[in-house]
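The following note concerns the salt bridges and strand pairing of the model shown below.

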Amino acid sequence: MKHHKIIGLLLCTTVFLTGCATRQNIAPPADFTSQPKKILITHLSGMENATYIPPTTQTNQGLLVALIDAAVVHNAADIGPAVNRLVSAPILDEHYYKRFDTFYRGHDFTIVRADKPVAKNQLYSPKIKEGKYAPYDFTELKGQYDADYALILDVLKFSATRFGYMHRPHGRSNVSLYLVDLSDNSIVAEYKTNEVINDAEGDWDTPPAFYALTQSVRNSLTMALDEAYSIISGDKPLK
């Protein structure tokens with residue numbers, strides 16, 4: 001499985017353009033799991049389905065890729081719908097919810113699982129925007145779920161696209177994960193993955209399912225979640 005991560009200037013530019021340049025990754029305190037509490041595990045709404053970003057015909061690069069698609073890819077118009085049919089829920093359940101549920105139960109935490117994602121468009125800006133505080137005001141979750149802390153996943157990208165003149169597309173995902181003290185909305189730990197790229201192997205352009213391509217999209221999200229888990233759980237130190 002070939003993959004690489006876009007880092008350095010590209011990541012910094014992306015972060016700057018999304019208005020999150022001041023946010024930094026924060027490793028969880030070493031003693032956090034030594035004092036069991038009640039923790040809500042949930043995620044923010046959005047990215048329920050994967051998105052396909054087709055080559056744009058407004059650039060020479062995109063026009064060339066689009067022409068190649070039209071010439072050699074069977075049912076090129078079906079690529080987008082095939083990618084859009086991918087749902088993130090089974091991946092989140094296996095690689096986010098189940099893993100952190102097992103992890104925190106192993107440290108005697110009481111687990112609360114929300115019955116639905118937290119609606120991002122209904123969240124308020126935080127009362128305190130400076131310092132180590134969450135990007136949204138999550139304090140209402142304390143009364144709603146009677147929890148001390150919340151582990152909150154935000155899937156920022158779950159997609160298939162291409163780079164430049166590359167004809168072969170690939171899956172691209174990245175996530176942010178927040179561990180929040182619900183008493184004051186302060187961040188206990190925070191981790192945003194670099195953009196995870198997973199190349200589509202083999203005959204990616206075989207309709208109708210385009211399995212190799214859709215699998216690369218699944219793998220990219222799985223890899224992003226695995227990376228976030230390894231940091232927040234303490235399996236891998238934050239560098």
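1. The side chains of R99 and D226 form a salt bridge, with an N to O distance of 2.7 Å; a salt bridge here is a side-chain nitrogen of Lys or Arg within 4 Å of a carboxyl oxygen of Asp or Glu. This pair links distant parts of the chain, since R99 belongs to helix 4 and D226 to helix 6 (residues 211–232), 127 residues apart. Helices (H or I, at least four residues) and strands (E, at least two) are DSSP runs numbered from the N terminus.

2. The model is predicted: local features need pLDDT of at least 70, side-chain atom pairs count only at pLDDT 80 or more, and totals for chains, interfaces and linings use all residues. Residues are numbered from 1 along each chain as its sequence is written, and side-chain values use heavy atoms, with hydrogens and water left out.

3. R99 is partly exposed, at 28% relative accessibility, and D226 is likewise partly exposed, at 27%. The classes are buried (under 20% relative accessible area), exposed (over 50%) and partly exposed (in between), with a 1.4 Å probe and protein chains only.

4. Across the whole structure, the search finds 11 salt bridges. One of them joins D93 to R113, whose closest N and O atoms are 3.6 Å apart. Because D93 lies in helix 4 (residues 89–105) and R113 in strand 4, this contact ties together parts that are 20 residues apart in sequence. D93 has a relative accessible area of 25% and is partly exposed; R113, at 48%, is also partly exposed.

5. A further salt bridge connects D154 with K120, the closest N and O atoms being 2.9 Å apart. D154 lies in strand 5 and K120 in the loop between strand 4 and helix 5 (140–145), so the pair ties together parts that are 34 residues apart in sequence. D154 is buried, at 3% relative accessibility, whereas K120 is partly exposed, at 26%. Elsewhere, salt bridges that share partners join D93, E94, K98 and R113 into one network.

6. Strand 2 pairs in the parallel sense with strand 4 (residues 110–113) over 4 bridges, pairing being defined as at least two DSSP bridges between two strands. In that pairing, R113 of strand 4 is the bridge partner of I41.

7. Strand 2 also pairs with strand 5 (residues 149–161), in the parallel sense, over 5 bridges. Here T42 stands opposite I152 of strand 5.
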